Amino acid sequence: MAGPRWTDRLMGIDRRFLFIVIAVAVTLPLLFPVNLPISVSPRVRAAYETIDAVPNGSPILLSLDYEPDVMAELQPMAIAVLRHCFRKNLKPVVLTLYPAAPGLIERALAIASEAEGKKRNVDYVFLGYKSGSQAVILGMGESIRGLFPKDFWGTPLDEIPIMKGIDSYAGFPLVVNLSGSKIADYYIQIAHTRYHRPLVLGSTAVMATDYYPYLSSKQLLGLIGGMKGAAEYERLIDIVGDARKGMDAQSLVHVVIVALVLLGNVAFLSSRGRGARPGGGAS
Amino acid sequence: MNVGPLIVTFLTGATLIAIFFIPHHLAQKLQSTLLEWAAVVYAFALILGSMSLWAVHQRKIKARGTGWPFSLVTLGALVVMTTGGVFQGIEEGTVVNWLYNAANSPLASTMFSLLAFFIASAAFRAFRARNTEATLLLLTAIVMMFGRVSIGEYVWSGFPAVTEWLLDVPNLAAKRAIAIGIGLGAVSTALKIILGIERSYLGRS
Amino acid sequence: MSTDPQILVAGLLTLCIFSFLYRDNPFYKFAEHLFVGVAAGYLLAVQFQNVLKPNVIDSLGTAISAAGTGDLSPKWWTLVPLFLGIILLGRLWTRTSGLARWALAFYVGIYSGIAVPAYMQAQIFAQLADAVKPFGTGWEALYSALVLIGFLGVLAYFFFSSHHRGAHGVAARVGIWFLMIAFGASFGYTVMARVSLLIARVQFMLRDFVHILPGA
């Protein structure tokens, strides 16, 4: 009886070997960076130019809605967008609709404000977390103070100069939402479609492809998708953050995964060609 | 037995729909109040979930089920975080904040990062060009994976442009149809709930 | 190696989770169970501080102190959601689970009512309007035509009230091709997303935990 074919041996490979290959593919470029150049996609450039077009000194509403599970993609994005806003002297009014986000946002604000020499409640406001998602997004169309009478650190909004005369979406020329979930849909439905605020979205890569219809209909003016989008934004504002540092590893792992997929298909087609049972099994 | 709750659903749902068309400040105030109430109910739903979690693990500990010491870890962590959060707060410098940064945040991130390994393994074993449709999916995925990383441009300078075209044309077309389908489904389900046709959310009588 | 206790704990817990890649083991189980408890407890803590305390406890406190002066503060209305929340807890016991339906009915009614106009306006009407806009010129016209054909094809595919035969069948087949391209794009992006999460964890371990990479 003939021994196992190379295709069967290949398909029967222990998955832990594949895990080691992936681990090495991630680690090596981080230890020995090549700094491959990053080209900027049209959608990220559109997001950048939309924020750049906001008049200097204007307030801008920033809703940072992500938790630790997706912070790898959205935290570098938040820092890059905040630094861009600070360089333009825009006054970000930041809030979150995710209960586990305030700690991450405090850190992002600390990093961005320290890098650009900005001060709390003078150059930016952090309203903190409010439960209710759609309720909060709807409520901001009527009264922000009704939802957030004080900022995250307990200062009444009336005592913060940035918030003077601002109590709803009408006070912001632009809304930016960095989101890892359906919160993005609510901002499109409510902040843009109902209250007619221009909207830029940053999302995880998993969600990004779903928002192209909204770009076409101009319900979104720009889209920053995933860690690659964050890296592109970092390139546009000429900083080297965690996203840009991770792009070499991203490239190598993608090459590895494509190679694995092609290898698997070569084995599959080879097995099929010989009339054997096609390879493949549980992962 | 469900008539009362069904009437409540109808009244609240119809009210919120009507308020959408009424810009008067009293209507908007009513909407804000109702939504605030919903937020309080949601908080109690989380309490309900935690009590249920407690009951499951308590039963396991009592019965000395498999892995019962780990249930002690879960309940211990739940008690510490809840007590700390209620009495000390959640700001920087509190026990809750420390545990959030030391445990919650890294555990959540790492759990999700495991998926990178499994997606690679699954792609190797199961992603097959079995027919025309699967081949189309496979080729698009490969173009995407090359087109969205720096190395793709080195392999072929046209990758980024092809990637953008795939996203702006076929992907847009399909996702638009899916978005409209989801919208129609959401609206019809919401209307069925408001009108009392759909009652599964109330549970069995 | 870091000497910051917070980073040390974070790093060790990260290693516990990664140990699952070899096989299931007590370290992974410990980390997993700890995560469940910490996450659930944190959510409760946040809800208490951000919702229950300001919206219920403080409101009722204000109402009670105002009642002594004869002021019938509207904050007494806070008793309504408090009552609904308490009866929701009745879901845990069979005898009281019927009461919980009132709270569920209120909550589900609220968000169903919000969903109807929101989805109609933003997802249905806006997308239909963009789908039927005039084509551009040159290549844009071709791309717009392709988008329209794909859009109609996918809608045809999802229409299950008649068999996919004849013209409907052809349209549905075209729709499937567009769907496969869209799902391929989603898969590629999903791979990118998952890999990004892994890259960030490895960055943390190399930079903050073992100090091999600069910038800790």
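This note goes through chains A, B and C of a predicted model, point by point.

1. **Chain C, make-up.** Start with the elements. Chain C has six helices and zero strands. Read from the N terminus, the order is α-α-α-α-α-α.

2. **Chain C, overall form.** How does the radius of gyration of chain C compare with that of a compact globule of 216 residues? The globule would have a value near 17 Å. Chain C has 28 Å. Along the principal axes, the C-alpha atoms of this chain fill a box of roughly 75 × 60 × 40 Å.

3. **Chain C, burial and contacts.** Of the 216 residues in chain C, 45% are buried. Now take the contacts in chain C with a separation of 6 or more. Residues 24 or more positions apart account for 20% of them.

4. **Chain A against chain B.** Here 46 residues of chain A are in contact with 46 residues of chain B. Which elements of chain A give two or more residues to the side that touches chain B? They are α2 (15–31), α4 (71–87), α6 (134–139), α10 (212–216) and α13 (247–273). Helix α13(A) gives the most, with 12 residues. By class, the side of chain A that touches chain B has 23 nonpolar, 17 polar and six charged residues.

5. **Two domains in chain B.** Domain 1 of chain B covers 1–87, and domain 2 covers 127–205. Their C-alpha centres lie 32 Å apart. The two domains do touch: eight residues of domain 1 of chain B are in contact with seven residues of domain 2 of chain B. On the domain 1 side of this contact, five residues are nonpolar, three are polar and none is charged.

6. Two packed helices are described by the angle between their axes and the distance between the axes. Take helix α8 (residues 183–194) of chain A and helix α4 (residues 97–131) of chain C. Their axes come within 9 Å and cross at roughly 80°. Angles of 65 to 115 degrees count as roughly perpendicular. Therefore α8(A) and α4(C) are roughly perpendicular to each other.

7. **Residues of that helix pair.** Which residues make the contact? From α8(A) come A:Ile188, A:Gln189, A:Ile190, A:Thr193 and A:Arg194. From α4(C) come C:Ala118, C:Gln121, C:Ala122 and C:Ala126. Sorted by class, the residues of the contact of α8(A) with α4(C) are five nonpolar, three polar and one charged.

Notes
Residues numbered from 1 in each chain as written. Chains lettered and ligands numbered in written order. Predicted model: local features only at pLDDT ≥ 70, side-chain atom pairs only at ≥ 80, totals over all residues. Helix = DSSP H or I, 4+ residues; strand = E, 2+ residues; numbered from the N terminus. Nonpolar A, V, L, I, M, F, W, Y, C, P; charged D, E, K, R; others polar. Rg over C-alpha atoms; globule rule 2.2 N^0.38 Å. Buried ≥ 20, exposed ≤ 12 C-beta atoms within 10 Å, placed from the backbone. Domains from an automatic or database assignment. Axes fitted to C-alpha atoms, helices over the stretch in contact; angles between N-to-C directions. Parallel < 35°, antiparallel > 145°, perpendicular 65-115°, else oblique.
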